[in-house]
Amino acid sequence: MNKIVWSKHSVLIVAIVATWLTTYFGYLTSFNMKIDNIMQEFILFLNPLSFLLFVYGIALFIKSTKRRNIYILTISVMTSIVMFSNAVFYRFFNDFITLPVLFQTSNFGDLSSSVTANLMVTDIFFFADVFIIFLAIKFIPKTDRVEQSNKIGRKLYFVMTAAVIMVNLGLAEMERPQLLTRSFDRELLVKNIGTYNYHIYDLFIQSKSHAQRALADGSELVEVGNYINANYAAPDPEMYGVAKGRNIIAISLESLQSFVINEEMDGHVITPFLNELTKDPDTFYFSDFYHNTGLGKTSDSEFIIENSLYPRNGSAVFFTHSGNTYQSMAAQLGENGYFTNVMHANNRSFWNRDIMYGALGIDKFYDLESYTVGEGEAVNWGMKDIPFIDQSVELMKEMPQPFYSRLITLTNHHPFDLDEEDKLIPEYTSNSNTLNKYFQTVRYMDQAIKVLFEDLKASGLYDNSIIVMYGDHYGISENHNKAMGMYLDKEITPYDNAKLQRVPLYIHIPGYGKGKTMDEVSGQIDLKPTLLHLMGLETKDDMYLGSDIFSPDHEPFTIFRDGRFVTDKNVYAQEVCYDSKTGEETDMAECEPFIERAATELNYSDMIINGDLLRFKEEQEQSPKLNSKSKE
Ligand code: GP9
Ligand code: MN
């Protein structure tokens, strides 16, 4: 190193290196992050650097040595506090701190008591850099008078900082495409951009939604409320309450699309059990049902099903609006005596579930920690569906009844990897490895659902439950159109791509006997009112955008998050209006009124979420209720 640079900036250099290494060492000792390869290890090592270069670099603008040293020390204390707090928090929650947790009162667990209970003497290590910097300031001989850094030197420094940021982001993007737009998981964020940058990112996301929230004053409720009331579909009296009092077992079928149901691949039946179920007298099978998800994928589907609102465009609402007030299906069931829970053998912070579930009023989250993943029981993203289902049913046996359990399956997830012994049919042969393997993992999932039904029957839970199963979102993206075209034996158009967003929905009511295939166009957005009405619960006063599929007033119309839509007559995609039966282009006038409707509806949904409007509704409801009660 250049002698002059060293003597002029020794404290700064010591500070950067000391904090960098303390942070990295902190990662290794305090957080249980899964590192799969050398590249991830390297990114982890590199990731504190960009922020540290930047924040310590500001010292270069401070003329007085004393002030400059104070600044450097302050930064090191602050970064140490950040790492220290995260480590303590992690011990209890197995997660990194996010701002809504600090400001939310309705969270799982009590923060302050758990923090004090989780302190360790070795935590002093997080302040090692402060100590080292302090020694450097005291003992490194000040041979040269520290002059103001020259402009060129400073410029060079910040160019270097920018380069480090770019390298870090570039590598992160390679490891995890769309990391920042989808913000899947805090652990992935910290692994890729580091704790410090993660907190800035979190601050940015949270303050953006806070600003929009602050601008809303509740007056928007009238307009949105009018639209919602006008579209209310009253329940069919025949169906209302048919499953009253039963347990609800809802299964999120990972990446399952309808194009595999009742079909074959090279002569192999893909979903034998699910096919049988479509003909089962206790089952309603919805053959023209669509997902309404966006970038938030599984978490978006959860959001839609719980709230009957659309997720957000371009980001995952589970991350951006976990501090909102919601009127979720879980909360409503909870008020009616249900024990509400989600079962999913994955890291609890994935999709910010641990936080969002608090806002959705879900009583318990059975995450990875609730499961025992035995030898050979994990593949691809984690625990295999069959042992997951076996253990979930075991857990259900212990639950207070009635319960509402939502199970999220995982094996049929991109890249659709499977152990040899679980491959029940051969691969498909096309230019898409993804599609080729998809049929096999779907076949495995079908087996898992069969096991679920067997387990439920054996446990005695079956007869008093209702089983609802739905595909969460597409599994095969448009990037595989060529292979898909080969399988479907046609050229894939935007019309086909829209129709491929069909996901299966099953509502299975043991002993009911009057089930049938429903070919009404509908979507995930309709599930909440449909289910609540089946349970005999009213939804008239709730704010939601879907409608009960069994209602005679249900409209055959579903809107995709990106503005495409499907009606009984048309498919609207890529600004083209198609005939829904033939797939041929048709007169735009047929689609016109719905284009407007789709835009309005998505906009109202965004208004509810961005303005956190349901908090005003809650306030309004509390006062008149009190009044009417006192009159009785
Ligand atoms: C992760 C699982 C999959 O926990 O829900 O998420 P996805 O990538 O499908 O959104
Ligand atoms: Mn999914």
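1. Let's start with K297, which is buried in this predicted model. Its relative accessible area is 19%, and buried here means under 20%, so K297 falls on the buried side of that cut-off. The residue lies in helix 12, which covers residues 297-307. Its backbone is worth a look too: K297 has a positive phi of about 40° although it is not a glycine.

2. W351 also has a positive phi without being a glycine, in this case near 60°. You will find W351 in the loop between strand 6 (339-343) and helix 15 (353-359). With a relative accessibility of 4%, W351 counts as buried.

3. Another tryptophan to visit is W381, in the loop between strand 8 (378-379) and strand 9 (382-383). W381 is partly exposed, at a relative accessible area of 28%.

4. Next, please look at two cis peptide bonds. One runs from Q401 to P402, with omega near -5°. P402 sits in the loop that joins helix 16 (385-397) to strand 10 (403-408). The other runs from H414 to P415 and has omega near 5°. P415 is in the loop between strand 10 and helix 17 (433-459).

5. Now for the cysteines. How many disulfides does the count come to? The count comes to 1 disulfide, formed by C577 and C591, whose sulfur atoms are 1.9 Å apart. The pair links distant parts of the chain, with C577 in strand 18 and C591 in helix 21, 14 residues apart. The link of C577 and C591 is right-handed, with 80° about the S-S bond. Are these cysteines buried or exposed? Both C577 and C591 are buried.

6. Finally, a point about charge on the surface. Which residues gather in a patch of negative charge there? They are D587, E590, E592 and E596. Of these, D587 lies in the loop between strand 18 (576-579) and helix 21 (588-610). D587 is partly exposed, with a relative accessible area of 49%. Since exposed means over 50%, D587 stays in the partly exposed class.

How values were computed. Residues are numbered from 1 along each chain as its sequence is written. Chains are lettered from A and ligands numbered from 1 in the order in which they are written. This is a predicted model: local features need pLDDT of at least 70, side-chain atom pairs count only at pLDDT 80 or more; totals for chains, interfaces and linings use all residues. Side-chain values use heavy atoms; hydrogens and water are left out. Patches are made of residues with over 30% relative accessible area and no salt bridge: like charges are joined within 9 Å, nonpolar side chains (Val, Leu, Ile, Met, Phe, Trp, Tyr) within 5 Å. Accessible areas come from the Shrake-Rupley method with a 1.4 Å probe; for residues, only the protein chains shown count as cover. A salt bridge is a side-chain nitrogen of Lys or Arg within 4 Å of a carboxyl oxygen of Asp or Glu. Lys and Arg count as positive and Asp and Glu as negative; His and the chain ends are not counted. The place of a charge is taken as NZ of Lys, CZ of Arg, CG of Asp or CD of Glu. Helices (H or I, at least four residues) and strands (E, at least two) are DSSP runs, numbered from the N terminus. Buried means under 20% relative accessible area, exposed over 50%, partly exposed in between (1.4 Å probe, protein chains only). A disulfide is a pair of cysteine sulfur atoms within 2.5 Å.
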